[in-house]
Amino acid sequence: MFNRKRLFWATTALVGSLAAAGAASAQSTATQSVEDVVVTGQRGPRNIDGAIVAESVGKSRSTITQEFIETQAAGQTINEVLNLVPGMSFTNNDAYGSSGGNIRLHGFDGPRISQTFDGMPLNDSGNYSLYSNQQLDSELIGSASVNTGTTDVDSPTASASGGTINMSSIAVPTEFGGRIKASLGDSDFRRVFAQLNTGEVGPFGTRAWLAFSDQSYDKYKGLGDLNKTQYNFKIYQPIRGNGDFVSLAGHWNRNRNNNYADLQLQRNADGSASLANGVTWNSDFDTTYSLPTPCFDANKNPIAGSQCDNNSNRYWALRQNPSDTGNIRAQSRFTLRDNLIFTFDPSFQYTLATGGSGQFVLSETDRLIRGSKTTGGVDLNGDGDTLDSVRIHSTNNTHTQRYGISSSLIWKLSDTQTLRAAYTLDDARHRQTGMYGKIDFSNPTDPRFFDAFAGLRDKDHRIVNLDGYELRARDRLSYATLNQFAVEYAGRFLDDALRVNVGLRVPYFKREMNQNCYSQSKSSSVICTTETAVKQPDGTYKVGTRTQSYIAPYSREVKFDDVLPNVNVNWNFSGPHSVYASFAQSLTLPRTDNLYTVFFDAKGQITSPITAPEKTTTYDLGYRYQTGALIASANVWYTEFKNRIVSRYDQDLGVSFDSNVGDVKLYGFDSQVGWSPMEGLSLYATASYTDSEIANDYLDGTNLVKTGGKSLTETPDWTFGGRVQYETGPLQLGAQVKYTGERWVTDVNDLYTDAYTVVNADAKFDLGYFGYKNSNLALRVVNLFDEKYLGSISGATDATKATYAYRGPPRTIQATVTYAF
């Protein structure tokens, strides 16, 4: 299989980067440098067709490489590609990945899992969500690693109680070349990907790659399409010849997607979930839009000349979720002395995205429209009067500018031992607005948004009230800042058989909130208005004619800090046999968005029911057997999940907010094996079990939510995966399977979804057989047997509440031709 792997590296333009195969497993330049110093002479870890990689760290880590990623559907999100990794469960909302999905790792959801890209954090700086449809093109990911329950000592994260996912971009080849990929598939899928490698240029051996992709396809149900365009580059400058370097990379991603409708569920007699009455697998958003009808006065008499929009907010063309994201990231390593290394990885990120497709019907004489005036209105639809109620666009826009630094000073104590001091900065400016924008009704039965961001970019179609104020649903500015210090000792003993890592991470978090609208006391609701506000004796305000109490615009700050140890040991006790053990603590902060629920305390100060961070302590014990043809591992783990946060209603305070409701105990095991019994054949299998127990019931207002002794939602107990791949001559064939067990939909465990199994298949023909070197034709099938299943879930406390789920994507076929030069 060695010759076949060499051919693969050439095909994907990664020649000259064998050593980087190991680097891709680590989060940052410093973490990899520590591993390189301690494990001397390593030329890159063994792997079985990229589906499993030999690991030497003393904690549970699973890695896939580009060799395996390349067998999956073109344009696929990396989190779906990682779905075979033990402990991970990902539900993709469509076959190609552009509509996003939902992740669970050992029972923890996306906002509790840290995901990094070349060491740069990807979780949203406000709510810590992961957006899988905004990530790097899969062709440009050298490898991706999953750490279950642990972080690296320099992890730049406020949300890692469930573990980390680290991705690394491909290395820059030394030779000129490139490739062009064109794909067609079901749902009118069209995609082109192009990459150009400059090779070494100039007197210093500078080299770079540049890449572009564009894809579009129709929704597999309902009307609408999904479009994604991406630009990437990476420049690499080696320094001397001792491993020192400087690299600069850039990324830009543009998504313009129509949404899928989720499906309402109902409870069967046995507690299983099925589609609610009237809902089918192909149910989606409305395909027709009705003309407005006359409005009615208080006596229910029609008002002459008036127009009222009576449609719902479910018209397909007005259900969108656009985003623009980009980043610039650098990595560097400098040898200051023979035993002293400095690494410096700065980054900048830009995000402009919406919270969905906010829209509602607004009267042309609404109090927001009048502002401080008692009469009058604004003609929103241009018909010459102010008698109407008109549909408008108002979505939650988020504009983020984020700076980061990951730096380390590594002292090589000996050939087998190092000491590292690290500093990490993550500083995010999080601007959130919700402009009121007009909708284009030039075709009154087929409306469109003028601006996908509701007037943020299109000033001509913003809605302005009688006071000249641009109406908005929210207006706030947040700063999320992390200053983190860390130390780590790494060494090997007993003739390099015993590896020990001891680390300490000390993060200091600051959250600054600047609210520019009136906040309803003890609520997350706000009013952005120019209506008259009258101050009350208790310091709150009455705004306009509303009866609720509001707090005037304000600024406030909260801080969190902790000390998080991380210890792991790996003992290679006999040839291919090794055992490892780890202990790690991680945390997830309260989300910034939830800190905007405020009220006055007894001292008259603005406060909120601030919750303590969630904290996990994870213990891990595992065994590995690793040879050239067989790589296997198995581990048992136990996690103490403290200060679990849920949203509840506090009867005494009279406010709904996120709060700590108790602890959860989680435990299970993960196992995986990769085997190449003969040239051209590889087998991979994985099995995982996860069990969880919530410690306490909790009060939601006067309602006792009986969660004590129950399990976490959306977490399958059993998952199994497998892949078989065979290559003969120019033909490579592969098939893989993922079984996902039953999942609870509700907190009290009275509703669950059935288990399901999805099989994918792929085939590739090497066109070198016809003289087209390093080129190929590929055919890939997602959900080969067209399994009907419920994927991503939107649950509730119990089955009497409304619950929803997305349909898993149907069978989908894709063909790709790759031409390399």
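How many aromatic pairs does the structure hold? In this predicted model, the structure holds 31 aromatic pairs. The rings of phenylalanine 348 and tyrosine 403 form one of these pairs, with centres 4.9 Å apart and planes at 50°, so the pair is tilted. This pair links distant parts of the chain, since phenylalanine 348 belongs to strand 19 (residues 340-354) and tyrosine 403 to strand 22 (residues 397-414), 55 residues apart.

**Accessibility of the linked rings**
- Phenylalanine 348 has a relative accessibility of 25% and therefore counts as partly exposed, a class that spans the range between under 20% for buried and over 50% for exposed.
- Tyrosine 403, with a relative accessibility of 46%, likewise counts as partly exposed.

**Tryptophan 571 and phenylalanine 573**
- The rings of tryptophan 571 and phenylalanine 573 have their centres 5.5 Å apart and their planes at 50°, so this pair is tilted.
- Tryptophan 571 is partly exposed, with a relative accessible area of 40%, and phenylalanine 573 is partly exposed with a relative accessible area of 38%.

**A cluster of rings**
- Phe669, Tyr689, Trp718, Phe720 and Tyr739 are linked into a cluster by ring pairs.

**Negative charge on the surface**
- A patch of negative charge on the surface gathers Asp270, Asp717, Glu742 and Asp754.
- Among the members of this patch, aspartate 754 is placed in the loop between strand 49 (752-753) and strand 50 (756-766).
- The relative accessibility of aspartate 754 is 44%, so this residue counts as partly exposed.

Note on methods. Residues are numbered from 1 along each chain as its sequence is written. This is a predicted model: local features need pLDDT of at least 70, side-chain atom pairs count only at pLDDT 80 or more; totals for chains, interfaces and linings use all residues. Side-chain values use heavy atoms; hydrogens and water are left out. Patches are made of residues with over 30% relative accessible area and no salt bridge: like charges are joined within 9 Å, nonpolar side chains (Val, Leu, Ile, Met, Phe, Trp, Tyr) within 5 Å. Accessible areas come from the Shrake-Rupley method with a 1.4 Å probe; for residues, only the protein chains shown count as cover. A salt bridge is a side-chain nitrogen of Lys or Arg within 4 Å of a carboxyl oxygen of Asp or Glu. Lys and Arg count as positive and Asp and Glu as negative; His and the chain ends are not counted. The place of a charge is taken as NZ of Lys, CZ of Arg, CG of Asp or CD of Glu. Helices (H or I, at least four residues) and strands (E, at least two) are DSSP runs, numbered from the N terminus. Buried means under 20% relative accessible area, exposed over 50%, partly exposed in between (1.4 Å probe, protein chains only). Rings of Phe, Tyr and Trp (its six-membered ring) pair if their centres lie within 6.5 Å; planes under 30 degrees apart count as stacked, over 60 as edge-to-face and the rest as tilted.
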